[in-house]
Amino acid sequence: MNFRLIAKTLGQILIFISLSMAVALPWCFKEEPGGRECLNAFLTSMLVGVALGGGLWILGRRASRQFFRREGLATVAFAWILIAGVGALPFYFSGFFPGNYLDCYFEAMSGFTTTGATVLDKIEPIPKSLLFWRAFTQWLGGMGIIVLFISIFPALGIEAKHLYQVEVPGIEKKGIMPRIRDTASILWRIYLCFTAWEIFLLLLGGASFFDACAHTFTTLATGGFSTYTASISGFNSLYIELVIVLFMFLVGVNFSLYARAFQGNIRPLVRNREFLTYVSFLLGAVIFLWISLLVFRDYSSPFSALRNALFQAVSIMTTTGYATADFDRWNDFARFFLLGLMFIGGCTGSTGGSIKVMRIMITIKTAGMELKKFFFPKRVISLKLGKEPVEKEVISLVFGFIVLFIGAFIISTFALLAMGLDPITSMSATIACLGNIGPGLAKVGPATHYFHLPYPAKALLSFLMVMGRLEVYPVLLLFLPGFWRK
Amino acid sequence: MKILIIGGGEVGFHLAKILTRAGHRITIIDNSPERISELESRLDVYTLLGNGCEAGVLEQAGVFSADVVLGVTSNDEVNLLAGYFAKEMGAKRIIVRVRDISRYQYHRSFYQRVLRYDYMLSPRELTAQVIIEAVLGHRASVVEDFAEGKIQLRQFKIPARLPWEGKTLSQANLPKDCLIVALIKNQPKREIIIPDGSTLIKEGDEVLVLGSPSRVKEIEKTFGKSIERARKVILVGGGGIGLTIAQKSEATEIDLKLIEENKDRADELAEILDQTQIINGNGTDPMLLEELGIKSTDLFISACGKDEKNLLGCQLAKKLGAKKVIALVENPEYVELYQSLAIDLAVCPRRLLAEKIIGFINTGVVGSIAVIEEGKAEVIEMKAEPESPITRAPLSQVGFPRGAIIGVIVRDGQVIIPAGKDRVQPGDICIIFSFLKSLPQVQKLFSPPDKSK
């Protein structure tokens, strides 16, 4: 393991993150209480972050260029753990956050991993600069900090590729351009396009510039932090809800399909099996939810039932975690239906989290295939998505992932139960963090928050968030003794 | 630059590795899934599984916008056909690798016209060239052929007690039809200059001479008797490279003994070669080597297909008293290692090929090039395109950059040493010495006017 090079890269990433805090500085000069404290908090955090990063950089200044997959895995996993540590500093230094540093760390990790679980009871009293940074962490984490880092720092060669492959979610980890740097920069450019577009549409709907930016950041990342305690219902505007639904839907699609579409080839997008399945899952979810809301009389008018079903279904399945209704007070079918949706997530290569549509498709198809083989063992079937055969290694990777994911879910649920939480809270908090969704049910429902959980639970959930964001393997490897051995 | 490499074997891999470091955008096509995943995990490139001869695969690889396409699979036909398709589909420049260039030699212009490649290279040929130069032991440390061998570039060191010593260039009586294009001063510090008539030549300086091979040879004679030649050579391995070396040395006064293990191959070699002594035996057999007079051998070359055998043979020969040993290396990664194992020269065909191709890509010059002083300057072969700026006025008026000089013009097979009043005509091939910074200007002068503007 080339520790020096890992340290150097980590140092660079930390400095990069610390400097990016500058985006929140203009909001410190707003006429509101706490501006001065926030300015001080941000400047101190930047200083600490740069010092930490610089220290790591110096530690690794004489690093050799040997960089393999193993180093890539370690770098990315550590990077995410450290970034949240630095990103939490402004919250901590400002003094506006409840609790101690761990609460701030939980909030920052929830930001970068685009989870959207919060420890804040009331959001409006928090100064704008802190809220802006909180939303911005999601925006950075959505497309990927490492991916942004790669597209900005030209000095990386094959290292960039290893880093990219660890951070980008999904199965097909090949870039779309000859150089991984170009792939990264295309992805970010598409992301920026979406950003500008959504800010514009939200401004058009009457949102303030601050709200438009903050919500755009957290929509596109499928994050879910809002600047209102009441989340999107704080706007009380059908137009804004629809714009946000549209963008939540859009960023749940594989970005490389957009890259192709931008290059003038729209066919791969509309023919893509995963995309079509994603669309049909969403439609199905909305319809089921709508019917259940009507049958159990949660809403009297079919229109408001549809409006709430649509928003909640899209928000939960894309792992965003906004709310326009307190869905924890819906009927039990709807509640657990949403809990089920949390396991699905967006497409591979999107900013959404959780298991992802492609893996679900492969699992279901494999199960179907085994069923056919069961009564006629001599039959030879090749697993295909559309017309593309799926390789055996891919299938076993998918199964490995699902086993680890569900395993993590079960173990963590038991751990939370052992900490004295009720079953529904334990289960929903686990999947809401592991799947990077945010709100769960019962005590962590959309109308409440995570602050009241015991500290060990918050630490465990922070860990689940990063595990979910990096798709389990890289984070678990850190605990494998063989991974560190020379 | 966008570069498409067809064939992800060792040559393709080595090329991609160097080219990605230089910041080029690389796509590699290979037909083996294992190789693809290997390349994918070790290089920052885009990979594509498929046959490089299929139009669909080429299209997917974005061949229409490729600046350079390199056909470097182990199959000549695949390379040539893929190169042809690539050109048809809009790729700018095509370089193909072939196993044995002599198959194409006599109809070279025919193949080039029909198959539309820009440059054909053979690792075997390149290797044989490098080895034969070592065998001939020219004092010139650089020997390059230009314009299909009509022009030669040599680098000489000015020895002591030479008639030229202390004279200016115009006073020195140079043979006609050749030109000193550059002077490398060793005192007080090493620097390259483009000389004029008043430049002084001193002992220890080095000169780059350009001219027809016979004239250059005359100059070589002027430099005198001190030329050392490796007269007694033992060559192990009668494969393609061994045979090419032997053929090239047939015309010289070298006493070459070729050891070939396989009886049938040895018979075959004996049929092809006249001057060379063919010995059927094992190149790593100490008794045999002693019997062949290894003690008085100037040069021992091991060029069989196995790295271990070459290495072992060379070390054995060195121990038994050979003055200099040259080993062939298959794996490009081992070249540096060999130098620390007392091998005087390690020659790697794939690496040579890669170096040649990279020189070609970096300069954007059609025709062979020689790199002088680790890339500070280059000697290039340029063809004057119709309507290019260089053809519009006499040389003294076209604004030729100061850091470059036209050494020779080849027009219809005639060699011309140009003066300021001469005019370059479309279709002329010019051999130019240029410093790196002046290269873009030179290229501009020779390219046709940009119609898009």
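1. K373(A) counts as partly exposed in this predicted model, because 13 C-beta neighbours fall inside 10 Å, whereas a buried residue would need 20 or more and an exposed one 12 or fewer. K373(A) belongs to helix 18 of chain A, which covers residues 357–375. Apart from neighbours within four places in sequence, K373(A) is in contact with R379(A) and I381(A).

2. Just after helix 15 of chain A comes R297(A), with a positive phi of about 55°.

3. Which residues of helix 15 of chain A are buried? They are E274(A), Y278(A), L282(A), A285(A), L289(A), W290(A) and L293(A). As background, an α-helix has 3.6 residues a turn, so residues three or four places apart point the same way. The buried residues of helix 15 of chain A pack against helix 12 (238–251), helix 16 (302–317), helix 17 (332–341) and helix 18 of chain A; helix 18 of chain A is also where K373(A) is found.

4. On the contact between chains, 12 residues of chain A meet 12 residues of chain B. Two elements of chain A, helix 9 (158–167) and helix 10 (180–204), each contribute at least two residues to the side that touches chain B. The largest share of that side, 3 residues, is from helix 9 of chain A. By type, the residues on the side of chain A that touches chain B are 5 nonpolar, 2 polar and 5 charged.

Terms used: Residues numbered from 1 in each chain as written. Chains lettered and ligands numbered in written order. Predicted model: local features only at pLDDT ≥ 70, side-chain atom pairs only at ≥ 80, totals over all residues. Contact = placed C-beta atoms within 7 Å. Helix = DSSP H or I, 4+ residues; strand = E, 2+ residues; numbered from the N terminus. Nonpolar A, V, L, I, M, F, W, Y, C, P; charged D, E, K, R; others polar.
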